[in-house]
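Please examine the sequence and the three-dimensional structure shown below. The report that follows describes its charged pairs, its helices and its aromatic rings.

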Amino acid sequence: MSVVTESTSQVIAARGHNRRVLTNRQREERWGFFFISPWLIGFALFTLFPMIASLIFTTYDFTLSVPDEAKFIGLDNWRRMLFEDETVWRSLWITIRYAFLSLPIGMIVAFLLAVLLNSKHLMGRAVFRTLFYAPTMIPGIASILIFVQVFNPYTGWVNRIIEVFGIKAMGVTGLRWFDDPNLIYLAFVFIGLYGIGNTIVINLAGLQGVPTELYEAATIDGASWFTSLYRITLPMVSPVIFYNLVLGTIGSLQYFTVPFVINGGSGYPDGTTEFFMIHFFKQTFRFSNMGYGATLAWLIFVIALVATLALFGTSRRWVYYAGESNR
């Protein structure tokens, strides 16, 4: 009888201990939700609810100037966007084509500069790191206006340098970077390279996380610098490269500021700068067609989501995470 009583008391004590553990775990979860609640509230108010509202707007003929006359039209905005508005697909093609040009150049240049700034043989590394990052502190509009003068066909120093090397531009006026459909994308890429300081810093952080003993072992084995870069550096920093690739892809689909500041969203020259976000801006804010603008916004969101998921799908083949099994 005493044995049964003793075992019963042990079971009761164990259950009480489990209740205390569960209670402590619940307390931790509640405190965790309490500390992240400001972010959750901000996300709900400024991201989730506006997204839901914009999705509802896609089913309305809603003009901002006369909001009282909003009319439910079902999927008419979607039909207009997908089958009637030719500008949508033309601007989307311009955006994707420019992304394929600018994104690889920006990522490669930022990575190579980070490799250079990470070299122990570079004198004044701190100074160069500051110089490459400093342009990111300048407001974007001011930087673009500066480059308008840099690429000026008459007084810009880019054409002056070209003339110094004996390359004659188009006549005596120089290359008209923002007037020539064959040159304007190159000018945009150059402007984008001016602001890659953040990407350089991210790459530099990834490079500094590569174990030095791997390079030492490669040197002992007689590996060249290029072999070490290809066999060690790239695999070890592949998560950082993947991170930059995802952000760069999303940012390229939202390309807007540079063509808008330079050409006012006119599409000049010959419609080559009418990017998708320019078309979205015109429909939403110039024509005050909020319903159709919301539909365009959801289209680019879906495209960005599909592109991101595709990148995550391919990442299993080339992104290496230390400590994980073969992917």
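How many salt bridges does the count come to? The count comes to five salt bridges, a salt bridge being a side-chain nitrogen of Lys or Arg within 4 Å of a carboxyl oxygen of Asp or Glu.

The model is a predicted one, in which local features need pLDDT of at least 70 and side-chain atom pairs count only at pLDDT 80 or more, while totals for chains, interfaces and linings use all residues. Residues are numbered from 1 along each chain as its sequence is written, and side-chain values use heavy atoms, with hydrogens and water left out.

## The chain as a whole

The chain holds 14 helices and two strands; helices (H or I, at least four residues) and strands (E, at least two) are DSSP runs, numbered from the N terminus. Of its 327 residues, 35% are buried. Here buried means under 20% relative accessible area, exposed means over 50%, and partly exposed lies in between (1.4 Å probe, protein chains only). The accessible surface comes to about 20,600 Å², and 67% of that belongs to carbon and sulfur atoms; these areas come from the Shrake-Rupley method with a 1.4 Å probe, and for residues only the protein chains shown count as cover. Among contacts with a separation of 6 or more, 65% are between residues 24 or more positions apart, contact meaning heavy atoms within 4.5 Å.

## Salt bridges

| Salt bridge | Distance, N to O |
|---|---|
| E84 and R79 | 3.5 Å |
| D179 and R176 | 3.1 Å |
| K282 and E274 | 3.7 Å |

The partners can also be described by their accessibility. E84 is partly exposed, with a relative accessible area of 48%, and R79 is partly exposed at 39%. D179 is partly exposed at 30%, as is R176 at 29%. In the bridge between K282 and E274, K282 is buried at 14% relative accessibility and E274 is buried at 12%. Salt bridges that share partners also join D76, R79 and E84 into one network.

Because eight of its eleven residues are buried, α13 is largely enclosed by the rest of the structure.

Within α13, Q283 is buried at 9% relative accessibility. Apart from neighbours within four places in sequence, Q283 is in contact with R80, S288, N289, Y292 and L296. Two of these contacts also meet each other: the charged end of R80 sits over the ring of Y292, 3.8 Å from its centre. For this description, NZ of Lys or CZ of Arg must be within 6 Å of the ring centre and within 35 degrees of the ring normal.

After α13 comes S288, whose phi is positive, near 60°. F287 lies in the loop between α13 and α14 and is exposed, with a relative accessible area of 52%. Leaving out residues up to four places away in sequence, F287 touches T63 and K282. F287 and L64 are 223 residues apart in sequence, yet their C-alpha atoms are 8.7 Å apart in space.

## Helix α5

In α5, the buried residues are S143, I144, F147 and V150. Seen down the helix axis, the buried residues of α5 fall within an arc of 110°, so they line one face of the helix; the arc is that of the directions from the helix axis to the C-beta atoms. Elements covering the buried residues of α5 include α6, α7 and α12.

## Aromatic rings

The count of aromatic pairs comes to 29. Rings of Phe, Tyr and Trp (its six-membered ring) pair if their centres lie within 6.5 Å; planes under 30 degrees apart count as stacked, over 60 as edge-to-face and the rest as tilted.

F151 and F178 form an edge-to-face pair, 5.7 Å centre to centre with 70° between the planes. This pair links distant parts of the chain, 27 residues apart: F151 is in the loop between α5 (140-150) and α6 (157-164), and F178 is in the loop between α6 and α7 (184-193). F151 is buried at 4% relative accessibility, and F178 is buried at 10%.

The ring centres of F188 and F275 are 6.4 Å apart and their planes lie at 40°, so this pair is tilted. F188 in helix α7 and F275 in the loop between α12 (257-263) and α13 (276-286) are 87 residues apart. Both F188 and F275 are buried. Ring pairs link Y98, F147, F151, W177, F178, Y185, F188, F190, Y194, Y255 and F275 into a cluster.
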